[in-house]
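Subject: Handing over the structure

Hello,

Here is the structure I promised to pass on to you.

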Amino acid sequence: MAIASTAVISRAQQPFSNEPLTDFSKEENKRAQREALAEVKSELGRTYPLIIGGKKISNADTFTSINPAQPDQVIGHFARATVEQVDEAIKIAAATFDSWKRVPAQERAAYLFAAADRLRQRRFRMNAWMIYEVGKSWVEADADTAEAIDFLEFYARETIRLAGEQPITRLEGEDNRLVYIPLGVGAVIPPWNFPCAIMVGMTSASFAAGNTVILKPASTAPAIAYEFMRILEEVELPGGVVNFLSGSGSVIGDALVDHTQLRFIAFTGSRDVGLRIYERASRHQKGQRWLKRSILEMGGKDAVVVDETADLDAAATGIVASAFGFQGQKCSAGSRAIIVEQVYDQVLQKVIEQTKRLTVGDITQPDTYMGPVIDENAMKKILEYIEIGKSEGRLVVGGGHQGPGYFIEPTIFADVDPHARIAQEEIFGPVLAVIKARDFDDALQIANDTEYGLTGSLYSRDPERIKRAEEEYHVGNLYFNRKCTGALVGVHPFGGFNMSGTDSKAGGRDYLLLFTQAKAISAKK
Ligand code: NDP
């Protein structure tokens, strides 16, 4: 077992608290991050296997993960899983489920605590993989690793809580209990944009609850997922509990989702892929004995609303951070700024000034704010939206790109119509649409008028408007007088409404329930 059982109990009794972020103004932290960057650099270009049932399986057919800041730099070559290997992995995961489901919750939690400890020790290393493989800044990468540690700590406590006695109404003459049991084999399909946190969160929630997992990493971020597999191996998680199946979603995704022995899918990614999974998972396959559960977290077109009572400097800072952190590649990114007429020009001016000060470039340096977007396809798509934006709004900052990496300038369009494509469609890049509203009512109406409902923010000093927004701003994560990104595990359980997903809340106290089913047990006395 990864940690002694008494240690697990006492650790689980400690209230959860968020992992502190690294202070990169300290020289020792800068040095440690530079050393980890050098260490990881020396490991670039290796070839990685699949991991099925604890066995490493090399495939002749591989795909390459590259550094988006320097596309000729190979991060690694990864085995391209076949449809037959999907079947093999699910069968092994199903066989492993028979034993893993009997492992007591405390023991399962011990693996999560041990993995959290390992990840803390390897923090700078994990950051370095993210800096190279997806172009995160030091600060963004560090927050991503911290969030992953949080998920491990949080779900370890949660699995122990759920294994405890559950509140149930007493009935004279009977003993009644409610227990949460696991579901079975799950497919975990994470995105590349929180390549550590979301991947670790969905995977660890699945096995913490007693399920076994097929982890199919995003094809642009497999090295980060592999680093987590190393950690699971080091903490001696039994083989077959988490199986690593790299490969293209468009090739193996359907085989995974359609498989008769698959019980659930935990997916985070785009709207279109989410919808496809939702539809396919709902179809009954021959011999399938259950309804598959889909836990889907999808896109966003999130807004920062500013009214005339707001602290305008704080609002401008919040708009810029929400729009351009990690190059705008967050589901929570504030890609719309909706500003009431009375203060529109003032706020826009401040946003423009702050945006012009952002640095774009060498993301291996601690002070660079923005790196590249994830790949060439993303760059092309974003540049197409910038062209569309030129006919839908007034380009006031950016619009250009620099090579050879996939760098795009932070870009702002002003005077955008609320129904313009750049105000409705998720661009997933550093493009901000600024929209003028007549007044607060109009702003709120515009904010709600998209098919998504993930995050939203309001800058206002008016308590009545704040109260109204609490009731009427229809988003899963609503923030007042702060940016709309940066949710913390436990503090801001995260997940959205409408086309943003199945209304789940990662890092919340009802999340683990999604990975279980409840069994009521009653005995006549
Ligand atoms: P994608 O939907 O392109 O990919 C997500 C995952 O799905 C990847 O692992 C991908 O594999 C896989 N996939 C692709 N096609 C299929 C298929 N047919 N069947 C099964 N799996 C498939 O999203 P991105 O990775 O580009 O991530 C960005 C998106 O994620 C944005 O829309 C963003 O808003 C959303 N997101 C939502 C969050 C939320 O909490 N609501 C949080 C973070 C991101 P492969 O890489 O091989 O194509």
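**Residues in the loops**

Let us start with Phe-326, which sits in the loop between α11 (312–324) and β13 (334–340). The helices (H or I, at least four residues) and strands (E, at least two) are DSSP runs, numbered from the N terminus. Please keep in mind that this is a predicted model, in which local features need pLDDT of at least 70 and side-chain atom pairs count only at pLDDT 80 or more, while totals for chains, interfaces and linings use all residues. Residues are numbered from 1 along each chain as its sequence is written, and side-chain values use heavy atoms, with hydrogens and water left out.

Phe-326 is not a glycine, yet it has a positive phi of about 45 degrees. Is Phe-326 buried or exposed? Phe-326 counts as buried because its relative accessibility is 1%. Here buried means under 20% relative accessible area, exposed over 50%, and partly exposed in between (1.4 Å probe, protein chains only).

Asn-481 is another residue other than glycine with a positive phi, near 55 degrees. You will find Asn-481 in the loop between β21 (477–480) and β22 (497–498). With a relative accessible area of 39%, Asn-481 is partly exposed.

Two further loops are worth a visit. Pro-404 is in the loop between β15 (401–402) and β16 (407–408), and a cis peptide bond with omega of about 5 degrees joins Gly-403 to Pro-404. Thr-450 lies in the loop between α15 (440–448) and β19 (452–453) and counts as buried, because its relative accessibility is 12%. A polar atom of the Thr-450 side chain lies 3.0 Å from the backbone nitrogen of Tyr-452. That is a polar contact (a pair of N or O atoms within 3.5 Å; within protein, one must be able to donate a hydrogen and the other to accept it, and residues adjacent in sequence count only if both atoms are side-chain atoms).

**Around the ligand**

Now to the ligand. Which residues come nearest to the ligand? They are Ser-219, Ser-270, Met-298, Cys-331 and Glu-426, out of 33 residues around it; a residue is near a molecule if one of its heavy atoms lies within 4 Å of it.

A nitrogen atom of the ligand lies 2.7 Å from a backbone N or O atom of Met-298. On its own the ligand has 910 Å² of accessible area, and the protein covers 88% of that (Shrake-Rupley method with a 1.4 Å probe).

Which elements give two or more residues to the shell around the ligand? These are α9 (249–258), β10 (262–268) and α10 (271–282). The largest share, four residues, comes from α9. By class, the shell holds 15 nonpolar, 13 polar and five charged residues. Ala, Val, Leu, Ile, Met, Phe, Trp, Tyr, Cys and Pro count as nonpolar, Asp, Glu, Lys and Arg as charged, and the others, Gly among them, as polar.

Finally, take a look at Ala-337 in strand β13. Ala-337 counts as buried because its relative accessibility is 0%. The C-alpha atoms of Ala-337 and Val-347 are separated by 9.8 Å, and the two residues are 10 residues apart along the chain.

Enjoy exploring!
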